[in-house]
Amino acid sequence: MIAMIVPAHNEAEAIGRCLAALREAATHPGLDGEEVLTVVALDACSDQTAAVCARYGAVTVAVDARCVGVARACAANHALALGARWIASTDADTTVPPDWLWKQTTCGAEAFCGIVEVVDWLDYPSSLRETFERREVAKDGHAHVHGANLGVSAAAYRTVGGFAPLTTGEDVALVRALQKARLPIAWHARPVVATSARRAARAPNGFSGFSGFLQALEREALGAGVRLLPSPAAAG
């Protein structure tokens, strides 16, 4: 059995698109009919996220931590308890391509690290997009880690102790632990996961790790004296 895990805090507005894409990825012919389970960790949700998950047939586990590391770990542990051999991780404001799960599980390594593309830059300055695209090198052998496009075998996950209870960077910590254990990792440019550049974090200290990453990149660029002009959307 393969599991796809999603941490969520009040994601009723966005998670339906994510779950629809995951459902399609679970039916890829390359998986040869293997059972696929979607597990959503509902972290202190007070909206209709649980109801949306029910409509898409996702299993939910409830936590009250407001911590993405705790939420991701709870979803992963639930999947492992049900017999998952592979854990594919993404975020509630993302959409994965149809071959996402198949490509991860056939990557030939104990873990998969993929890249992301931003589909809506919202109010971020236009120059930040150029900075991000220069940094996010889209080729095999990249060194990027994104919880929105990450996978790991059950055996490797257990070996390194899983996701740490961090409010941000739990994905990077997991990959560093895998590297320290000398477990093979596939750093592939495809498949790419589409994500949002929303500024609004879903919990204190940033529930959305990618949002935090972009804001740090913006601060870095500003600190280096790069003038980031407002985007047309923000100006309007």
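Some ground rules to start. This is a predicted model, where local features need pLDDT of at least 70 and side-chain atom pairs count only at pLDDT 80 or more, while totals for chains, interfaces and linings use all residues. Residues are numbered from 1 along each chain as its sequence is written, and side-chain values use heavy atoms, with hydrogens and water left out.

Okay, the overall picture. The protein chain has nine helices and nine strands; these are DSSP runs, H or I of at least four residues for helices and E of at least two for strands, numbered from the N terminus. Of its 236 residues, 52% count as buried. Buried is under 20% relative accessible area, exposed is over 50%, and partly exposed is in between, with a 1.4 Å probe and protein chains only. As for contacts, meaning heavy atoms within 4.5 Å, take those in the protein chain with a separation of 6 or more: 77% of them are between residues 24 or more positions apart.

Now the inside. A nonpolar core here is a set of buried Ala, Val, Leu, Ile, Met, Phe, Trp, Tyr and Cys residues joined through side-chain atoms within 4.5 Å. The largest one has 32 residues, and I15, L22, V40, W100 and L101 have the most contacts inside it. Several elements each supply at least two of its residues, among them β1 (2–8), β2 (36–43) and α4 (100–105). Which helix gives the largest share of this core? That's α1, with six residues. If you click on I15, you'll find it touching V6, A8, V40, T49, V52, C53 and A92, leaving aside residues up to four places away in sequence. There's also a second, separate core of 30 residues, including L80, A111, L174 and W187.

Next, helix α3. It has 14 residues and reaches 20 Å from first C-alpha to last, close to the 20 Å expected at 1.5 Å a residue; that expected span is 1.5 Å times one less than the number of residues. Its buried residues include V68, G69, R72 and L80, and the buried residues of α3 pack against β1, β2, β3 (59–63), β4, α6 (154–160) and α7. After the helix comes G83, with a positive phi near 100°.

Side chains of opposite charge can pair when their charged atoms come close. How many salt bridges does the structure hold? Three, where a salt bridge is a side-chain nitrogen of Lys or Arg within 4 Å of a carboxyl oxygen of Asp or Glu.

One of them joins E34 and R85, at 2.8 Å from N to O. E34 sits in the loop between α1 and β2 and R85 in the loop between α3 (68–81) and β4, so the pair ties together parts 51 residues apart in sequence. E34 is partly exposed, at 23% relative accessibility, and R85 is partly exposed too, at 39%.

Back to R72, which pairs with D91, their closest N and O atoms being 2.9 Å apart. That links helix α3 to the loop between β4 and α4, 19 residues apart. Both R72 and D91 are buried. R72 also forms a salt bridge with E170, again with closest N and O atoms 2.9 Å apart. E170 is in helix α7 (residues 170–180), 98 residues from R72. E170 is buried, at 2% relative accessibility, and R72 is buried with a relative accessible area of 2%. Through shared partners, R72, D91 and E170 form one network of salt bridges.
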